[in-house]
Protein chains: 2
Amino acid sequence: MEWIKVNIDKLFNFGVEVFKKLGVPEDDAKIVMDVLIASDRRGISSHGVARMRRYVNGIKSGIMKPVAKIEILKETPNTILASGGDGLGQVVGYKVMEMVIKKALDNNVCVGVVRNSNHYGIAGYYAMMALKHDLIGVSLTNSAPLMVPTYGKDAVLGTNPLALAFPAGKEKPIVLDMATSTVPRGKLEVYNRLSKPLPITWATDETGRPTQDAARVLANLLERKGGGLLPLGGADEETGGHKGYGLSFVIDILTGVLSGGAFGPNTYKKKGEPPNICHMFAAMRIDAFMPVEEFKARLDEYINILRNCPKADGATRIYVAGEKEAEKEELHKDFVEIDPKVYEDLKSISEELSVPMEF
Amino acid sequence: MEWIKVNIDKLFNFGVEVFKKLGVPEDDAKIVMDVLIASDRRGISSHGVARMRRYVNGIKSGIMKPVAKIEILKETPNTILASGGDGLGQVVGYKVMEMVIKKALDNNVCVGVVRNSNHYGIAGYYAMMALKHDLIGVSLTNSAPLMVPTYGKDAVLGTNPLALAFPAGKEKPIVLDMATSTVPRGKLEVYNRLSKPLPITWATDETGRPTQDAARVLANLLERKGGGLLPLGGADEETGGHKGYGLSFVIDILTGVLSGGAFGPNTYKKKGEPPNICHMFAAMRIDAFMPVEEFKARLDEYINILRNCPKADGATRIYVAGEKEAEKEELHKDFVEIDPKVYEDLKSISEELSVPMEF
């Protein structure tokens, strides 16, 4: 089925009304919708308005608080420890990254860590907030356990993504935004719908061995029967799987362990319990090292070296991190395209909450 | 051929005398040998005394300076920009990491960036220096171009490793120390000696397509004919190769671009030119977020969750980052084992410089 083009302003206003109806303050609702639509614009539809159904259910069931009581638990000129008050992850993410940026502007470097949060959308959004201040931005999060450690059978690790953003000059900024699994669960869902066999580095079955059977992995994950997504690098040390595993683990140490929130399998909660997801944000002044314009010119030069590098036989183009997403964003100035299933979700939300959907 | 057991004290003293003979100050020579032997002790023989031949040649040819004039080019309470003065990478690495630790102890977080350096050994050494201060340590470096970007034909990127170290309580510290390529060049050399076909995610040939022919890749790299090591994740986006590529790129931005040194293919120099390798070091106070003892207890708990996780069929053990290396280090308290070829190298150095080798 064809994806549906939706006007961004209408989608934004609809979402804001939905969250307001659930008791979310208007300014917070606007933050959430801005993060979600940014994701759809960048072509990362798994983290866009497709998530609204889960957030709506989360708030209605009481595990997510509509009014996030964000608390600063500990603070120095260069660090922040905050609680997200079990609210929407985007709200605390946005607010703490704003504070991190302010402190980095004043004191060169700042690191902020958050606990008691929820899914915050794309990691890249927060890293990119640093760009307009000519700072380097960093954003990490842990997540629900879907990934197995190397040689382990059970999914005890999150796909824990990392994002870094760097301002460029004439070129688009560099934005690396990647999960530490080979692929996210959403990719398995796509292969499942197409009945396509999975590449062997993507997932394991309930015996802990690599499998090509998407349906089996998805069912096992749902019932927590064993197996799950594989770390970047695949199942074995020979192909570097321990590196993806190690990256996921250290991101969880920097978020879940260091913040005092949930980590590893503890992010998987029984019905009614908030998941206590944790994030880390950081920002750094470029001009503590070199003039910003010089940095940007050097990064432009590097981007062009990579772009103009001879192509492998059969390849036509070399991308740099964030380039594909920036091109999609450019394309989606006025509208985004959404999956018909997501459209149905939005329609059911509209009916459930009596919020008119004018698209 | 069997590897040769060598007494650590004798090896250390020999190395110190070698570097002294080349004009390296005694204290600096001791730093270099400590870093190299730490690598051999941890089982990373490619980065241990096997590198002495290259360093000796580097100093003799004049591209590496025996007396490193380390300069602090820019400094704030939280940042350092330094030049390694074309000296041995270990010397500037050690000294700048010491300064970074000092500033982090005083001001919670510090980031130091270095240019005009050389190969600095294992990235993990510097990250681990933070451990005894109960800090989190970070170390990144760029390196000579050996890796291709996704869909590129030429090796224009370094294998740019990253290292993070976290103090634990009863458990060994967590030390993630990994290159962003699937494997280092040394692994191809091993497969070549054994005439073993390479796994398909390791390297490409001169057409830019994945190859299993180790000899061909090594020859191509030497003559810079095209092809090279593949990023973590392999040749395609489908297997996540763009993630390893992205990691390598952002590490080069944080080291080569931000420091004002060489980046990407510019780290490959003509004979006689110093390679201008660049590093980044960072340290952060744990107690800016939570009491150190609480952090360590939480990390211990997480390590045990992973260790005791059910094993995949056929697997017997799940490791955490740095655990294998820590066990090897424990084993090598008095001696290290070195490749007979490396032993021959050391013997030739001994003769060349008239430094007696008493092992």
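**Entry 1: the sheet of chain A**

I began with one residue pair, and found that Val138(A) stands opposite Ala282(A) in E10(A). The two strands involved are E5 (residues 135–141) and E10 (residues 277–285) of chain A, which run antiparallel and are joined by 7 bridges. I note that strands count as paired if DSSP finds at least two bridges between them, and that the elements are DSSP runs numbered from the N terminus, helices being H or I with at least four residues and strands E with at least two.

Before going on, I wrote down that this is a predicted model, in which local features need pLDDT of at least 70 and side-chain atom pairs count only at pLDDT 80 or more, while totals for chains, interfaces and linings use all residues. Residues are numbered from 1 along each chain as its sequence is written, and chains are lettered from A and ligands numbered from 1 in the order in which they are written.

I then followed the whole sheet of chain A, which is open, has 7 strands in the order E2-E3-E4-E10-E5-E6-E7, and shows mixed pairing. E2 and E7 of chain A are the edge strands, and each has a single partner, so one side of each is left without a neighbour in the sheet. Neighbouring strands here are turned against each other by 10 degrees on average, direction ignored; such angles run from 0 to 180 degrees between N-to-C directions, with axes being lines fitted to C-alpha atoms, for helices over the stretch in contact.

Helix H4 (residues 89–107) of chain A lies across E3, E4, E5 and E10 of chain A, and runs at about 165 degrees to E4(A).

**Entry 2**

E2(B) is joined to strand E3 (residues 79–83) of chain B by 4 bridges, in antiparallel fashion, and Ile72(B) stands opposite Ala82(B) in E3(B). A contact means that the C-beta atoms of two residues, placed from the backbone, lie within 7 Å.

**Entry 3: a helix pair across the chains**

I followed H8 (residues 241–259) of chain A to helix H9 (residues 292–307) of chain B, where the axes come within 9 Å and cross at roughly 120 degrees. H8(A) and H9(B) are therefore oblique to each other (under 35 degrees is roughly parallel, over 145 roughly antiparallel, 65 to 115 roughly perpendicular, and the rest oblique). On the side of H8(A), I listed Ile253(A), Val257(A) and Leu258(A), and on the side of H9(B), Phe295(B), Arg298(B), Leu299(B) and Tyr302(B). By class, this contact has 6 nonpolar, no polar and 1 charged residues, where Ala, Val, Leu, Ile, Met, Phe, Trp, Tyr, Cys and Pro count as nonpolar, Asp, Glu, Lys and Arg as charged, and the others, Gly among them, as polar.

**Entry 4: the interface and its symmetry**

For the whole contact between the chains, I noted 67 residues from chain A and 66 residues from chain B. H8(A) gives the largest share of the side of chain A that touches chain B, with 8 residues. That side has 39 nonpolar, 18 polar and 10 charged residues. Of the interface residues of chain A, 99% are also interface residues in chain B, so the copies meet through the same surface.

Last, I looked up how the copies are related: a rotation of 180 degrees, with 0.0 Å of shift along its axis, superposes chain A on chain B with an RMSD of 0.0 Å. That is the relation of a two-fold axis. The superposition is by least squares on the C-alpha atoms of residues with pLDDT of at least 70 in both copies. Of the residues of chain A, Gly233(A) comes closest to this rotation axis, with its C-alpha at 2.4 Å.
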